[in-house]
There are 4 protein chains.
Amino acid sequence: SNNFFLLAGPCAIEGEEMAMRIAEHVLKITDKLEIPFIFKGSFKKANRSRIDSFTGIGDEKALKILKKVSETFNVPTVTDIHTNEDAAMAAEYVDVLQIPAFLVRQTDLVVAAAKTGKVVNLKKGQFMSPSAMKHAVQKVKDSGNEKAWITDRGTMFGYQDMLVDFRGIPEMQQYAPTVLDITHSLQQPNQTSGVTGGRPDMIETIARAGIAVGVDGLFIETHFDPSNAKSDGANMLDLQYLEGLLSNLVAIRKTINQF
Amino acid sequence: SNNFFLLAGPCAIEGEEMAMRIAEHVLKITDKLEIPFIFKGSFKKANRSRIDSFTGIGDEKALKILKKVSETFNVPTVTDIHTNEDAAMAAEYVDVLQIPAFLVRQTDLVVAAAKTGKVVNLKKGQFMSPSAMKHAVQKVKDSGNEKAWITDRGTMFGYQDMLVDFRGIPEMQQYAPTVLDITHSLQQPNQTSGVTGGRPDMIETIARAGIAVGVDGLFIETHFDPSNAKSDGANMLDLQYLEGLLSNLVAIRKTINQF
Amino acid sequence: SNNFFLLAGPCAIEGEEMAMRIAEHVLKITDKLEIPFIFKGSFKKANRSRIDSFTGIGDEKALKILKKVSETFNVPTVTDIHTNEDAAMAAEYVDVLQIPAFLVRQTDLVVAAAKTGKVVNLKKGQFMSPSAMKHAVQKVKDSGNEKAWITDRGTMFGYQDMLVDFRGIPEMQQYAPTVLDITHSLQQPNQTSGVTGGRPDMIETIARAGIAVGVDGLFIETHFDPSNAKSDGANMLDLQYLEGLLSNLVAIRKTINQF
Amino acid sequence: SNNFFLLAGPCAIEGEEMAMRIAEHVLKITDKLEIPFIFKGSFKKANRSRIDSFTGIGDEKALKILKKVSETFNVPTVTDIHTNEDAAMAAEYVDVLQIPAFLVRQTDLVVAAAKTGKVVNLKKGQFMSPSAMKHAVQKVKDSGNEKAWITDRGTMFGYQDMLVDFRGIPEMQQYAPTVLDITHSLQQPNQTSGVTGGRPDMIETIARAGIAVGVDGLFIETHFDPSNAKSDGANMLDLQYLEGLLSNLVAIRKTINQF
C-alpha cells in the first residue's frame, strides 16, 4: 500500500491486560487505515533520572506478554534492550530490537543486537547529528545484518528542550529506513523535578511535518490513560486521539505518494 | 481559495530587467496554482558580514522598480527596512514592510513601520523564541496597526547552523498570520569566509513540513541564476524548480484543508 | 599597571544624581585597585521586548550627564548607539561608542560609529561566533579607525539561556582587545513575561573565568538598588558587592600577569 | 595542601611500558607541585563511532597494568566501566570507577558501580544540565555509597561543537566534588569522518577558567605522542606541555585559596 508503518504501544509493559487492550485497539485502527503495525513495549526501563522511578514488572514476564500480543493479533513486536545479554534474551520473543538513544554509541550492544539477525532499530542520540547515524548503521551491516532502521527522537536544544531537525530525515534515509518518534521528540528533559516533561499538544504538528517530509515510519507511545501510566506519562498520546491523528497522516501520505 | 500565500522574489533588486522577469515568471506559476503572490525584493542590504558585500543599486531606484513591478503585474510588493526613515520612504512604494530578523527587537523601527499603516512583516530573530514574537506583534498593535505578520527564518543551532522549530508555527499563529521563510531558514551562518552558506537541497523538505503544519504563507528567495546573484546566492531557489515545488505544496495544502 | 580595564555603570542613565553617585562610588574602588575605569550608561534603550519598557529620560539630557560625569571625575565614558544619527550626536559627549549586540551586523551603523574617530566597542551578537567578529572589526578598520574593541555578552543556548564560550576570548583577541560583559552574559532571554531574567549569583563565577583566561577588560552593569532600577534590574550587580568582586579579580590578574 | 587533584593518563591503556612511563612522568610533576594524582587509563573503549576503531588490548591485561602502576608508584587509579559486570571486575584493580557520559543515565550501571564501595566518578552527559546530575549522585548515595564525584566534559552546542558551562561548576559542587575534564570538553563530535576532532590549543584556556572558578579536580588525557595514540589523539595533551600548564594552574589555585 506504500503507506508508512507504525511502531506503537505503551512506554512500558505494565501488565498483560493493558498490553492486550492497547494492541487490540491500535490494530483496529491500523487495519482500517492499512498501516503496517508493530506493537511496541519496553520490558524494562533502565535509564530513569531517579532511582525510585518505575523500572518494570520483570523481564521474562514482560517479554512473554509481548510474545502473546504477537501471537494473538499476528503483529510483529519491538522492544528496547540495554545490555548485550538483553539482545539474545529479547530476540527470542520479539521481531525488532531497539537500541535506546543514550546507548546507540555502545558498539558491543549494537553488534550484539545485529548478531541476533533481528531488525535493529537504532535511535538517534539526542547528541548526534543525522549524518553520524551512518556509522551506527554501518556497525549493524558489518555484523552481517542488513536490517537496520533509524529512529529520530529529537536533538538537544538547550538543557530543557529538544528540536526535530527535519533536514535529517532525507539524510538518514540514505543509510536506512527512517522512523520519526513523535512522542519522545517532544520531551522536555532535565526538569528540576527529575521527571521529564513533554508537549503532547504538539504531537500532530510534528507528525504531519514528518509524514510530509516522507518518513518511512512513525513511533508513538500511547496509552488509555497517560496521566496514570507508570512511566513517561507526560509524553504519551491518549489512545482516544490516535485514529483522528492517523487518518490525517494517511491523507498526507497518499498525497505525497503521488509526487 | 484558502491556499497559502507566497512572498517571493530575488534577495536584492539588482535592476529593473531582472525584477520584471522574475515577477512575470513567478506570477505565471502562482496564477495557475491560485496562490496569492506578493513580490519580494530588498532595496538595500544593510547587514552584510563584510563591508565589501553588495549593498544595492540605490534606494530610490530600487523602490521605483518595486512600484513598477506592482503596477505592471498588479501584485502587492514587500521590502525590508532598516531605519525609521526607511519606513516612511518605502511605504510610498510597497504594500508590506518587513522588519529584518536582527532588527525585530528595535522598538522604534517596528513602531515606525506600524505607523505607516502598511502590513508589517516581523521576521523572528534567530535568537528569539516563537513565544517572544508575541511582544513584537503587540508593538505593532499598540501603534494602532492590526496588520502584523510573523515570518520564521529559523533559529540558531550552534554557531554555523539553523533549525526550524515547527512547534513554533501554531504557537505564533496565535499572535498573527505566520509565514515560513524556506530559504533563509536553511542558512549556514558564521562561515569562516564571511559569506553565509546554505542548503538549497533541503528547500522542499522544509517547505513540505511547513505546509503540512499549516503555515499561512511561504517566503522564498528565488533567482534565474542564483550562483551569479549579487547576494545570498547560496540560499536562493533556482526559478526552474519553483513550479514543481509549489505544485507539490498546493497538493499538501488541499489535503490539510480538508481536516 | 597591566591591569584589566573596567566599563561600569548603570544600565540606563536615570538621572544626574544617580549617575554621579555611581561614578563616584566605582571610581573610589578602581582608584584603590588601580583599574582603569570607563563610566558606562545608556542614553536611551531601544530594543526592549515590550513597548511599555523604560526607554530613557531624553537623549540630550542623558548625554549631558555622561559629559558631566566625565568632566567631574576625569574618567572616559561609553554609551551605546542605535542609529547612524546617534553616532555623531553621542560622539560629542562620550569617548567610546558601543554597538549593541543585536545591531553589530548593521554595516551603516558600524561605519558611522567608526567615522567619528572614537573607540568603537562592538558587542558580539548572541547569534555570532567569535570568529565572525573579525568581519565586524574589519569594518571599523576599513573606515579608517583602528580603535575597535570587542565585548562578549554570551551566546544563545536554547531559547531561554546563554553561555559564554571562553574559547572565544583568545580567538577574538586576535582581532581586537576583548572585554567580557559579566552581567548581560548571564541573561535569561525570551521569558514568557517579556522581561529578561538573569543569574546575578553567577557574576563572580563568570568574571573569575574571564580574568583567568586573560580578557582585556570587564563590562559590568551596576546600581545601588538593582531591584528598583528602571531597566535590566535582573542582571545588574549590587554596588555593595563591587569592591569584593574586583579585589578578587585583580588578585587573579596579578597572578596570570606573571605567566 | 588544599590544591586541586588531578586525574591524568592516556585515553586507553595501550601497553605496560607506555602506562608506566606516563605515570612516572606525571608523578614527577605532581609531586613537585603538590597535586594529588590519580592515574587514569581505559581498559577498553566501548563507544567508538566506528566499528573499526581501537577498543583495547584485553580487559584483564589492561586492568593488571593499572594495578601495577598503582603499586609501583603508590598512586590511586581510575578507569571507566561500561557494563554491570565491568563494575565488580574493575573494582578489584582500581580505586575510582568512572561512568562514561553517554551511560550516566543507566541506573543499573551506576548502582553496580556504587555497590563496589569504590569512588564513583560520574561524567555529566553532554545532553544533561548541571542540575540533572543531582539525580545521578543521588543514585550512588541511595546505594549506600557516599563517595560520588561529578566530572564535567562539556555540553552539546550544535552538532559538531561543545561548550563548558562554568555556571555548572558551583551548581554541581552542591551535590559532589566536581572535576573539569579539560580534554574531552574540547571535543568536536559528529565529524563526517567518524573520528572525533578536538581543540588542544584551547586546553589551557579552559583549564584556567575551571581553576579560577574553583573546581575540585582536573581530568586530563595525556600522552607522549598524541598523534600516534590509538584513540582520541585529537584531544590529548602532549606530555611535554603538562608541567607548564599545571604550574600556572597551581598559581591560580593558590590565589583563589586566599579569597
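1. Which residues point one way from strand 10 of chain B, and which point the other way? In this predicted model, B:Gly217, B:Phe219, B:Glu221 and B:His223 point one way, while B:Leu218, B:Ile220 and B:Thr222 point the other way, and all of them are buried. In a regular strand the side chains alternate between the two faces of the sheet.

2. The burial of this strand deserves a separate remark. Because seven of the seven residues of strand 10 (residues 217-223) of chain B are buried, the strand is largely enclosed by the rest of the structure.

3. The pairing of strand 10 of chain B can be followed through two neighbours in the list of bridges. Strand 1 (residues 5-9) of chain B pairs with strand 10 of chain B in the parallel sense over five bridges, and strand 9 of chain B, which also runs parallel to strand 10, is joined to strand 10 by three bridges.

4. Phi of A:Asn74 is near 55°, a positive value in a residue other than glycine, and A:Asn74 is found in the loop between helix 2 (59-73) and strand 3 (77-80) of chain A. Phi of B:Asn190 is near 60°, again a positive value in a residue other than glycine, and B:Asn190 is found in the loop between strand 9 (178-181) and helix 7 (203-213) of chain B.

5. Are these two asparagines buried or exposed? A:Asn74 counts as exposed because its relative accessibility is 69%, where over 50% is required, whereas B:Asn190, with a relative accessible area of 8%, falls under the 20% cut-off and is therefore buried.

6. The interface of chain D and chain A takes 36 residues from chain D and 36 residues from chain A. The area buried between these chains is about 3200 Å², of which carbon and sulfur atoms give 55%. Across this interface the rule finds zero salt bridges, while six residue pairs are in polar contact, with both residues at pLDDT 80 or more.

7. On the side of chain D that touches chain A, helix 4 (107-115), helix 5 (133-142) and strand 7 (155-156) of chain D each supply at least two residues, and helix 5 of chain D gives the most, with four residues. The residues of that side divide into eleven nonpolar, 15 polar and ten charged.

Note on methods. Residues are numbered from 1 along each chain as its sequence is written. Chains are lettered from A and ligands numbered from 1 in the order in which they are written. This is a predicted model: local features need pLDDT of at least 70, side-chain atom pairs count only at pLDDT 80 or more; totals for chains, interfaces and linings use all residues. Side-chain values use heavy atoms; hydrogens and water are left out. Contact means heavy atoms within 4.5 Å. Buried area is the accessible area (1.4 Å probe) that two parts lose on being put together, summed over both. A salt bridge is a side-chain nitrogen of Lys or Arg within 4 Å of a carboxyl oxygen of Asp or Glu. A polar contact is a pair of N or O atoms within 3.5 Å; within protein, one must be able to donate a hydrogen and the other to accept it, and residues adjacent in sequence count only if both atoms are side-chain atoms. Ala, Val, Leu, Ile, Met, Phe, Trp, Tyr, Cys and Pro count as nonpolar, Asp, Glu, Lys and Arg as charged, and the others, Gly among them, as polar. Buried means under 20% relative accessible area, exposed over 50%, partly exposed in between (1.4 Å probe, protein chains only). Two strands pair if DSSP finds at least two bridges between them.
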